[in-house]
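Please look over the sequence and the structure below before reading the numbered points.

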Amino acid sequence: MATELTRQTEEFFNKVLNTNASNQEILEVYKDWARIYDDSAAILDHEGPSIVAKEVEKLFEEKKDALILDVAAGTGRLGAELKKNGFHNLDALDASKEMLEIAKEKKLYRNVVCDLLGPNRLDIPDDTYDAIITTGSFCPGHLNGSCLAELIRIVKPDGYIVIVLRKELLDEEYGRDLLKIMDDHVSSGRWTVVSRRPVPRYIGPKDGMVFVHRVK
Ligand SMILES: C[S@@+](CC[C@H](N)C(=O)[O-])C[C@H]1O[C@@H](n2cnc3c(N)ncnc32)[C@H](O)[C@@H]1O
């Protein structure tokens, strides 16, 4: 059974790593992956949720009622980490209804929104959240730099956006484009850099990169 899970995990993971896949093709993969996603994340040693949860703890310390949106929340692994640490005002957004169904069963989030992040406008008012957090989401075929303006719009002034991604992506065109858009938002005064730093073992042996920005 464990071997079969490992085989399926590798198959799904390779599919989402396909750099040419469209949003729709990626969502087709998560539709089938959802039922074993949590087991797969353990097999892949995907530490994104605990890395982000530590950042949230540092940013909000005793403010456990901070209103936080978990973007590309998937099955709610990050929500579970935050809840363990006492954060209880959490919303989730993801484009996959199958992944969100699993998250909903865990009863971690206040509101669960099924929507695709891209250049389109979300049905969320300006300046809503104290923070947006996301892991496992900024990679080809998923979220990209064009999503940042919309995330900034729905975060309150002085709120935070925390993004963790695979560090190796920064050496590729995808990551260079993302960094450029991040920097453009700094230059145009939309946000400031709080920290940008590597973290070891984000997923298996692969390092991650943590970006924390503060919205103006
Ligand atoms: C690798 S999973 C990560 C899930 C969760 N954050 C975690 O760490 O367990 C990526 C998630 O991103 C979602 N996703 C991909 N592209 C998206 C988009 N454009 N808008 C919203 N969600 C998206 C997928 O549906 C999937 O649930």
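1. A salt bridge is a side-chain nitrogen of Lys or Arg within 4 Å of a carboxyl oxygen of Asp or Glu. By this rule there are 20 salt bridges. One of them joins the side chains of E4 and R7, with 2.9 Å from N to O. Both E4 and R7 belong to helix α1 (residues 2-16), where they are 3 residues apart, about one turn of the helix.

2. The model is predicted: local features need pLDDT of at least 70, side-chain atom pairs count only at pLDDT 80 or more, and totals for chains, interfaces and linings use all residues. Residues are numbered from 1 along each chain as its sequence is written, and side-chain values use heavy atoms, with hydrogens and water left out.

3. Around the ligand there are 20 residues, of which A72, R77, D94, L117 and T135 come nearest (a residue is near if one of its heavy atoms lies within 4 Å of the molecule). This shell is made up of 11 nonpolar, 6 polar and 3 charged residues. Helix α2 (residues 23-33) gives the most to the shell, 3 residues.

4. Which side-chain N or O atoms lie 2.9 Å and 2.6 Å from ligand oxygen atoms? The 2.9 Å distance is to the side chain of R77, and the 2.6 Å distance is to the side chain of D94. A ligand nitrogen is 2.8 Å from a polar backbone atom of T135. Taken alone, the ligand exposes 600 Å² (Shrake-Rupley method, 1.4 Å probe), and the protein buries 98% of that.

Methods
Polar contact = N/O pair within 3.5 Å; in protein donor to acceptor, adjacent residues only side chain to side chain. Helix = DSSP H or I, 4+ residues; strand = E, 2+ residues; numbered from the N terminus. Nonpolar A, V, L, I, M, F, W, Y, C, P; charged D, E, K, R; others polar.
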